[in-house]
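Thanks for coming. I will go through one structure today, part by part, and I will keep it short.

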Amino acid sequence: MAIGIATSISNLHNSLPHHVVTKLKVKMFVSEASVVFLNNIMDQVFLKPDCSFYLGGRILDYVTEVFLYYNFSIKQFIESLKFCLIEHFYRKPLNCICVAHESAQEALFNSLDKKTLEEITKLRSTNYKLKIDSNFKENFLRLIRELKACINDFYIGLRVLHILVADLPHSPLGTKLREMYCTAMKKHIIDDTSYKTCLQLLKFLSKDDLLAKFDKIIHVLKNVKNNQRTKDALKIVQSYVKSLEESHLNNLVIEKEKPKEKPKESLQAISRSQFKKKLMENVKNEDNQPMTEFEKARSETLDNFTEIILRQFLVPPTTMPLNELLIFDDLPSIKRKIVGEDRAAQYTAFINPQHYLCCDCCELEFTEQIFKTMPDISIVYKLHLESRFDQINIYDWLQKFISIVGPSQNDNDNDDDIDPVLQSRFVRALNELQHLGYIRPSKYKADHVQRLTCGSC
Ligand SMILES: [Zn+2]
């Protein structure tokens, strides 16, 4: 029996003769793109209120960026999240208390030592208002409860927002829940210019589309249990739906104060700035044109919905006191550990190999110095930095290399003969540099290579 997996059926036909393929039992299966898995993990696991590990916007932005632009690896993505988890909870009793069950919090708090308690008062989010006094424990636990309630509401608000804006043209706030999460965690998303664009686009929706969206929103709100704010919001949204349903599509609304209609002036033969001004005025005049009942209801509903519902549900938890204890957003601490700064480490190794080798022979006085005793790749790298051009002549490079590592030239008799040992050392170093992505064969000149980096970047 033989088992194998091929990415496409044609591979099978190409690699095996026909009579073999006909005797094989071939099964086709399709795996989803890894981005789909990423979105599912975020939506189903992390961006749910019952998940007690909360990622900050900057961290989530960073790990998804690594995923989307570097490796597409779900495995590494999960590893990164696990790392964040460890970083957040390991040896941090305060952070652990926050996620513990409410019944256990008090006992855990009592076990804290004085130093840890002082840490709480120094947290920047508390604004130095939390003092160690007789009510300290109650205040702390109350703030944690409030923070958790805020996060809960935030998630509800996020799902409501997602329904509202995910399918808008050009999706100004993104199409995925995680994209909105990242923006909304950093600042109040309602004040973001992208949301304002969304609001303008929403005001073009047809009655059916808008009602369909509100229908889904009501569904989300109904599914939330034990939340007074959601119950109130549900009633308000239901009243919006009612007024939208009752509004007539054709009836014009008679404005009480009708603005004076200015005749539209000709836009020709004026300067650019005047033209812009006139254009704005004309747009304003158009805005003042009478609206239908539905248009008026739509505009008012969306404005009210934004200000009354979204504004209170989408308060960024990162603005709440004690948020550092619950939300992990320490980007600098994980950045280096998750991705690693390969280039920087390589640069140091090339420029100053003594840093790693700890030898006595290569001690630098200034960074440009090159010693015979340095590793070949280090010498070759340093020489290539001296080139002022992108295209480097290999033969010149080799000559420079030999002038450093070769025997000191007392006689110039065999100038043209190159020691094959030195040449092969040079070629090996060159290959290593190419393998590491610093150079590549030139497209234009056969005896040249192209430099791909500049200095330390
Ligand atoms: Zn050395």
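In helix α20, residues D376, I377, V380 and Y381 meet R425, F426, R428, A429, L430, E432 and L433 of α22. Contact here means that the C-beta atoms of two residues, placed from the backbone, lie within 7 Å. By type, the residues of this contact divide into seven nonpolar, four charged and no polar. Nonpolar covers Ala, Val, Leu, Ile, Met, Phe, Trp, Tyr, Cys and Pro; charged covers Asp, Glu, Lys and Arg; the others, Gly among them, are polar.

Before I go on, this is a predicted model: local features need pLDDT of at least 70, side-chain atom pairs count only at pLDDT 80 or more, and totals for chains, interfaces and linings use all residues. Residues are numbered from 1 along each chain as its sequence is written.

How are α20 and α22 arranged? Helix α20 is residues 376-386, helix α22 is residues 420-435, and they pack at an angle of about 70° with their axes 9 Å apart. The axes are lines fitted to C-alpha atoms, for helices over the stretch in contact, and angles run from 0 to 180 degrees between N-to-C directions. The two helices, α20 and α22, are therefore roughly perpendicular to each other, a term for angles of 65 to 115 degrees, with under 35 counted as roughly parallel, over 145 as roughly antiparallel and the rest as oblique.

For the chain as a whole, the secondary structure comes to 22 helices and five strands. Helices (H or I, at least four residues) and strands (E, at least two) are DSSP runs, numbered from the N terminus. Buried residues make up 22% of the 457 residues. Buried means 20 or more other C-beta atoms within 10 Å of the residue's own, exposed means 12 or fewer, and partly exposed is in between.

Next, helix α11, residues 193-202. Which of its residues are buried? They are Y195, C198, L199 and L202. Seen down the axis of α11, these fall within an arc of 100°, so they line one face of the helix. That arc is taken from the directions from the helix axis to the C-beta atoms. On the face turned away from the buried side, α11 carries the exposed residues T193 and Q200. The cover over the buried residues of α11 includes α9 (136-165) and α15 (293-313).

Now the sheet. Three strands form an open sheet in the order β3-β5-β4, with antiparallel pairing. At the edges stand β3 (391-393) and β4 (439-441), each with a single partner strand, so one side of each has no neighbour in the sheet. From one strand to the next, the twist averages 35°. Strand β4 pairs with β5 (residues 448-451) in the antiparallel sense over three bridges; two strands pair if DSSP finds at least two bridges between them.

Last, two loop residues. Most residues other than glycine have a negative phi. R91, in the loop between α5 (74-89) and α6 (93-99), has a positive phi, near 55°. H170, in the loop between α9 and α10 (177-186), also has a positive phi, of about 65°. Are these residues buried or exposed? R91 is exposed, with 7 other C-beta atoms within 10 Å, and H170 counts as exposed with 7 C-beta neighbours inside 10 Å.
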